[in-house]
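Please find below a colleague's note on the structure shown here.

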Amino acid sequence: MKFIGVDNYTRLFHDRLFWTSVLNTLKFLLLHIPLQLVVALFLAVLLNQKLKAVSFFRASFFMPVIVSGVVVTILWQQLLGYDTGIINRGVTALGFSKVGWLVDPDIAIYSIAVMATWKNVGLYVILFLVGLQTVPTQYYEAAKLEGATRWQQFYHITLPMINPTVFMVVILSTIGGFSLFIEPYIMTGGGPLNKTLSGVLYIYKQAFQYYNMGYSATLGFFYASMIMLVVVIQKKVIEKEV
Amino acid sequence: MKKKFSIGKWLMYVALTVAALSFIYPFIWMIGASLAPLHEIGNMTLFPKNPTLGNFKSMFEKIPIGRSLFNSLFVAIMSTALVMLTGSMVGYALAKMKFRGRELIFFIIVFTMSLPFQITLIPNYITMVNLRWVDTFLALIVPFSVNAFAILMFRQAFQGLPQALIDAARMDGCNELQIVFKILWPNIKPTLVTIAILTFIGCWNEVLWPLIVIRDEKLMTMPQLVTLFSVGGRADSQLGVKIAAAVLLALPVMIAFLFLQKHFIQSMASTGLKD
């Protein structure tokens, strides 16, 4: 092994494709995390209403979580297809023109973010459900006596009480989002115009398509440090909120 | 009061049902499409008009999918068994034995959990190359045979058991291994189920690592083979085969899920609920 000092890092900072992949991953997270939080919390609140068939609903939300990402990706490739995909059929039925969900460079990464949310949200529904069940019912009863509306109860009691779960969901989706690989690998190969090239896909390509092992290891180390930095910042921000 | 209440409930059921359909529909469609002739797949209907097993037949002819199913099962079962063994032995030592450096070892194990896998991906690959394990099952099994999360789970489970149980077993002449596997294991069944499910599913669905260390088609795991078939262009004109492969990949896990639903959900949720 030859020691080359910081050459790999100099290269990294001038590697535009790497920064493109980081930007793509951040765009992905920008939609994925809020969407995941809102949908998971919404479904968990519904499941927490003592309705019937809760275990059926819970199981159906959970189905994509246990199935391989490969299966989910192959499925969604068809759902998002330009000509025959069911989603574009809905879009045209409503009178709009077809959307290039996976071929439009400005949209593709967000389509993947929606798909990833669909795959993972069932897990977060369960986590929120566990969190919701720890909120003592007396709090709601007291609030009702004071005349608080449902929304006020949710905002002033539920949200602060489940703050630890919110934090956990944000962290887990961040770490999961930074690991995005198989979805773009199968669906788009990183295209169109490298707009769905994720960080991990780029690290993989550097190592196993261009055979730059050393450089790829550098990328991996730098990328992982970035993840830890982002998680620490999130922790600080969310803790400040309470 | 009563009326408003029921309208609210009705709306909730509608919302839940729409959500449930959006999660289930794609899977039902997938199974339908795998049984449809190519010209019908594009219709996106749930049930094919002229069902056929043609897609599955040509899948078995075109790619060694049966072989990969065996590989995946073998690798996942071996890894799961090893994780249960190593996890309970290390977990027991950390929970119930006193020795110098115990806290340090525990700290190091926790620390490795917090490292993103991107750091170790390339170094691990290079280790596999140096050991000449590339293109062997060893590369798929050994790196997954010790798992920090499993160790923590076992440690926690053993800590919850009374010391008297261990002392009594020692009096009866059990050695440490017998204590762990004969005396303690029957008392931590939920933990065993959780770890087995998590490890098995994790192994079954892992695809990045096999893509890196296995190039020989005969040794490929099922998700890997299906992935390469899907991106390699071999599937372009064979959408039906691709979907059939996805069905075969999903089916074992889905069937297991139908039977062990509660265990699956509890296990997966516990990965998020620790610490």
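Predicted model: local features only at pLDDT ≥ 70, side-chain atom pairs only at ≥ 80, totals over all residues.

1. Residues are numbered from 1 along each chain as its sequence is written, while chains are lettered from A and ligands numbered from 1 in the order in which they are written.

2. At the interface, 47 residues of chain B are in contact with 49 residues of chain A (contact: C-beta atoms, placed from the backbone, within 7 Å). H1(B) gives the largest share of the side of chain B that touches chain A, twelve residues. That side divides into 38 nonpolar, seven polar and two charged residues (nonpolar: Ala, Val, Leu, Ile, Met, Phe, Trp, Tyr, Cys and Pro; charged: Asp, Glu, Lys and Arg; polar: the others, Gly among them).

3. The largest nonpolar core has 139 residues, and among the members touching the most others are Val71(A) and Leu249(B) (core: buried Ala, Val, Leu, Ile, Met, Phe, Trp, Tyr and Cys joined through C-beta atoms within 7 Å). Helix H6 (residues 108-133) of chain A supplies the largest share of this core, 15 residues. Leu249(B) touches Ser68(A), Val70(A), Val71(A), Met222(B), Pro223(B) and Val226(B), not counting residues up to four places away in sequence.

4. Helix H7 (residues 137-145) of chain A lies largely in the open, because zero of its nine residues are buried (buried: 20 or more other C-beta atoms within 10 Å of the residue's own, with C-beta atoms placed from the backbone; helices: DSSP runs of H or I, at least four residues, numbered from the N terminus). Gly147(A), with a positive phi near 85°, follows H7(A).

5. The buried residues of H11(B) include Trp204(B) and Asn205(B).

Terms used
Buried ≥ 20, exposed ≤ 12 C-beta atoms within 10 Å, placed from the backbone. Helix = DSSP H or I, 4+ residues; strand = E, 2+ residues; numbered from the N terminus. Contact = placed C-beta atoms within 7 Å.
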